[in-house]
Every structure is written in C-alpha cells, then in structure tokens.
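Student: I am new to this structure. Please show me how to read it.

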Amino acid sequence: MRRYSAFAIAREGARYHTGWERAWKSPAPKKRYDAIIVGAGGHGLATAYYLGKNHGIKNVAILEKGWLGGGNTGRNTTIIRSNYLQDPSAAIYEKARSLYETMSQDLNYNVMFSPRGVMMLAQTEHEIRGYERTAHANALQGVATEFISPQRVKELVPIINIHGPRYPVLGALWQPRGGTARHDAVAWGYARACSDMGMDIIQQCEVTGVRRDGNKVIGVDTTKGKIDCDKLGVVVAGHSGVLADMAGFRLPIESVALQALVSEPIKPCMDVVVMANTVHGYMSQSDKGEMVIGGGADGYNNYTQRGSFHHIEETVRALVETFPMISRLKMLRQWGGIVDMTGDRSPIISRTPVENMFINCGWGTGGFKAIPGSGWAMAELMAKGESPLADEFTMWRFGEGKFIDESVAAGVAH
Ligand SMILES: Cc1cc2nc3c(=O)[nH]c(=O)nc-3n(C[C@H](O)[C@H](O)[C@H](O)COP(=O)(O)OP(=O)(O)OC[C@H]3O[C@@H](n4cnc5c(N)ncnc54)[C@H](O)[C@@H]3O)c2cc1C
C-alpha cells in the first residue's frame, strides 16, 4: 500500500495556513476591462487563466461575491476521472484530466494531484453491462479504463466486503490514472497565476445586474459600482439561473444542494477512490487520514449550502454494507454546496442570446474534475467565438434535442 509522507503533509498544511493566501487583498475595480468573469470558483479562474495564457487577453477582472474558492470548488470531494460514455464528454473530461497531470508544474503551485485510481463498483447485472459498455467506448476514445473482476477489486481495496448482504461486488470500472487533487489549491493556484498576469480578482463584489446596449453586453452592475467590459463570461455554478435572469434569458438548469461528510482521521487504509452508485455513496481517504464520503443531492430545488441529518444516515448506512469497518468511525464534519443540474447531466459552455455574453455552467455533481478542460474551452470560446471542445455543449441543444446523455456516468456519481 502507498505510504503518505508525514513531512510532505505537514509542509503543505503550513503553506496553506500561513502563506501568501492570508495576505490576499482584492484591488479596487477599474472602470473597464476587455473581459469580466463572474465567479471566482475553479471554472471561472481557469477561464481567466487560459484567456491570458493561451490568448494573450490579460485586461481581465474576476468578480466574486464571496471569497475565492468558497463555492463548490472548496466543497467538493475532489474526485477526478474521465470515464464518461459520450464522445464530447470523454474529450473534455480527458483533456481536463491530462491537464491535472502537469498542473502543479504549470501553475508552480502544488495542487497535490494524486492519480491513485478510481473504481466504480458494479453491484448489479445492469451495472456490469453499463460499465462494460463504457470501457469499450473509452477504448475507442483513447481513455484508459478497464472492467476488473471482484478479486482484483479486493486486491486493490482490502477493506471492502465483496459479498455484501444486498449487493455483492460483481466487478468494477477501473481508471488507474483517475484520482484526487487538493480542491482549494486548484483555486489558489489559478488565482495566483491570474494575478501574476496582472488580472484583478475582486472578492466581496456581487454582480447585481447585466448592462446591455441593445442586445450587446456592455458591463455589469456590482456591489462595488458599475464596471464596463467588452466580453462577459458567467461562471457561477448554482447561481447560473440567477445571472441568466439578470440578462433576460432562461437556462435549462435546476439548482440543488449536494452534501458530503468526513470522518475522524485514521491510519492509511484505502489508497484508491471507490464509488458505489447502487448503494449510493462513495469514499476516498484524504492525506490527513479522514474518510471523505459523498452522498446524495436534496430531493428538491434549493440554494442552501448546508447539510441535513437524513443524508448522514442514508449515506453511511449504504456504505457500511460495502465497508463494514466504517461502522466504528465517528463522523467529523458535514456540508453542502449548490450544484447546477441540466436535464442530460452534461454541462453548458455556450454563447447566449446576449451578444458577447458567454456562459459556463451545468457541471452539476461532477465539475471539479473538469476545471482545467472547461476553462480551456471557455477561454477559447470567448477569445475566438468557437472551441472544438465546447461545440456540442451549447445551451440550444435542449431545444434541438441533441442531448449528451450522461445520466449513468454523472447522476450523483462524481
Ligand atoms: C458536496 C459536493 C461534492 C462534489 N464532489 C465532486 C467530486 O468529487 N468531483 C467532481 O468532479 N465534482 C464534484 N462536485 C461538483 C463540483 O464541485 C462543481 O461542479 C464545480 O466546483 C462547479 O464549478 P465552480 O468550481 O466554478 O463553482 P463554484 O466554486 O461554486 O464557483 C462559482 C462562484 O460564483 C460565485 N457567484 C455566484 N453568484 C455570483 C454573483 N452574482 N456575483 C459574483 N459572484 C457570484 C459564487 O460565490 C462562487 O464562488 C461536488 C460538489 C459538491 C457540492
């Protein structure tokens, strides 16, 4: 089993809590920018970064109503994988996964990418068929995955019970180069790189209106005053519908709270990520030793960023069947984030009915893994008016019936 270096963990901890981040101060906004990005989550910051790095557009402001990475970016369970079914999804998620491989070097910031391997358990005959199909599709797409036996699952995860009372483990879809990364480091890494390029990251600056001249965007109203721009990128995850409303159009998005929890820290016992979609829960072990556990979304639309008791019970009860040892763990923290769900469970990276206004949203329960690929595509779309990675993800596909159905790969599974 892979060992974690106590020194490396302590060093990273010190850097996070005493370093440059605490000294961060938001600059006063200028009157005009070439581009404004609304939302300093991972996707917004990555968009700004690739606007500067790939397209030389650096007169950019990123406006954030709260604090850097305080939305879903800092609330997710950090799973990274690219084993989706449809070709457009595999292209953008694999682009993102491959960018994660060199992100620490590219940003000169340790994002602690850990390609420890991700497995999605097959616990019904139906899931075997589904995952075998995905493995074949991935082979054609150039995404390295395989369907593995229950015995191989047990070798990789000794703490698993493959003879579960209701749902035995019948195999798994295994992506050896999937894994995790430190989520707040991803936000901070991109933020520092944007700042180094001269971009303004302005926190505590809520966008309250979208200003237009005819059908063309000319700027935004914010809690820090009016700011003009040539191009506007809206990257606000769970608040996408609210921003679209300000600009006068509607999005096929529902906002729902998604919850997660962590246990007390324990010794290293599981060095891969395991997702059990039939019993509905997934788990990995953080560098600190906590078991990071993800569960379900609320059954109704809402904007609450907090947890609720019945999710703890439902998620832990489900996972105890597959991992009996967690029945003796104490749970430490629970939280929620607002995820933006589309009907086909695929994202929107698109122009909008308003000229020079672009939107990136709909990543739902699984957008952390997509951050670099999404930022790459959104920046290209904003700079050039089109991007091969984003072509299929327009907001008009719902009207045209061109769904990219990822409900199996992305339902509540990350
Ligand atoms: C509990 C949970 C677990 C998850 N687990 C995973 C996982 O394991 N793997 C995975 O790939 N994905 C996961 N996700 C999903 C992933 O976190 C999201 O899809 C992704 O983070 C969303 O994009 P973002 O990072 O840009 O959004 P956010 O970080 O939410 O950024 C949007 C920002 O916009 C800001 N904003 C909103 N309105 C305004 C306004 N009017 N003016 C200015 N700023 C505004 C918000 O404050 C916020 O900071 C999970 C999500 C949750 C909640």
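**Reading the features**

Student: Where is Ala237 found?

Tutor: Ala237 lies in the loop between strand β11 (225–234) and helix α8 (240–247). Helices (H or I, at least four residues) and strands (E, at least two) are DSSP runs, numbered from the N terminus. Two cautions come with the model. This is a predicted model, in which local features need pLDDT of at least 70 and side-chain atom pairs count only at pLDDT 80 or more, while totals for chains, interfaces and linings use all residues. Residues are numbered from 1 along each chain as its sequence is written, and side-chain values use heavy atoms, with hydrogens and water left out.

Student: How many helices and strands does the protein have?

Tutor: It has 12 helices and 18 strands.

Student: What does the radius of gyration say about the protein?

Tutor: The radius is taken over C-alpha atoms, and the globule rule is 2.2 Å times the number of residues to the power 0.38. For 414 residues, a compact globule would come out near 22 Å; the protein has 21 Å, which agrees. Along its principal axes, the C-alpha trace spans about 65 × 50 × 40 Å.

Student: What share of the residues is buried?

Tutor: Of the 414 residues, 57% count as buried. For the surface, accessible areas come from the Shrake-Rupley method with a 1.4 Å probe, and for residues only the protein chains shown count as cover. The protein exposes about 17,100 Å². Carbon and sulfur atoms supply 52% of that area.

Student: How many charged side chains are there?

Tutor: There are 45 positive and 41 negative side chains. Lys and Arg count as positive, Asp and Glu as negative; His and the chain ends are not counted. Each charge is placed at NZ of Lys, CZ of Arg, CG of Asp or CD of Glu. The centres of the two sets lie 5 Å apart.

Student: Which residues make up the contacts in the protein?

Tutor: A contact means heavy atoms within 4.5 Å. Of the contacts with a separation of 6 or more, 77% join residues 24 or more positions apart.

Student: Which residues does Ile293 contact?

Tutor: Leave aside its neighbours within four places in sequence. Ile293 is then in contact with Thr77, Ala260, Leu261, Tyr282, Met283, Thr315, Leu319 and Met331. Ile293 lies in strand β15 (residues 290–297). Its relative accessibility is 0%, so Ile293 counts as buried.

Student: What does the side chain of Ser255 reach?

Tutor: A polar contact is a pair of N or O atoms within 3.5 Å; within protein, one must be able to donate a hydrogen and the other to accept it, and residues adjacent in sequence count only if both atoms are side-chain atoms. The side chain of Ser255 reaches the backbone oxygen of Gly238 at 2.6 Å. Ser255 is in strand β12 (residues 254–265). At 6% relative accessibility, this residue counts as buried. Beyond four places in sequence, its contacts include Asn301, Tyr303 and Ile338.

Student: Where is Gly52, and how far is it from Cys194 in space?

Tutor: Gly52 is in helix α2 (residues 42–55). Gly52 and Cys194 are 142 residues apart in sequence and 7.6 Å apart in space, C-alpha to C-alpha. Gly52 is buried, with a relative accessible area of 4%. Not counting residues up to four places away, Gly52 touches Ile57, Lys58, Met197 and Met199.

Student: Where do Ser387 and Pro168 lie?

Tutor: Ser387 lies in the loop between α10 (371–384) and α11 (397–400). With a relative accessible area of 1%, Ser387 is buried. Pro168 lies in the loop between α6 (150–156) and β6 (171–175). At 32% relative accessibility, Pro168 counts as partly exposed.

How values were computed:
Buried < 20%, exposed > 50% of the residue type's maximum accessible area, 1.4 Å probe, protein only.
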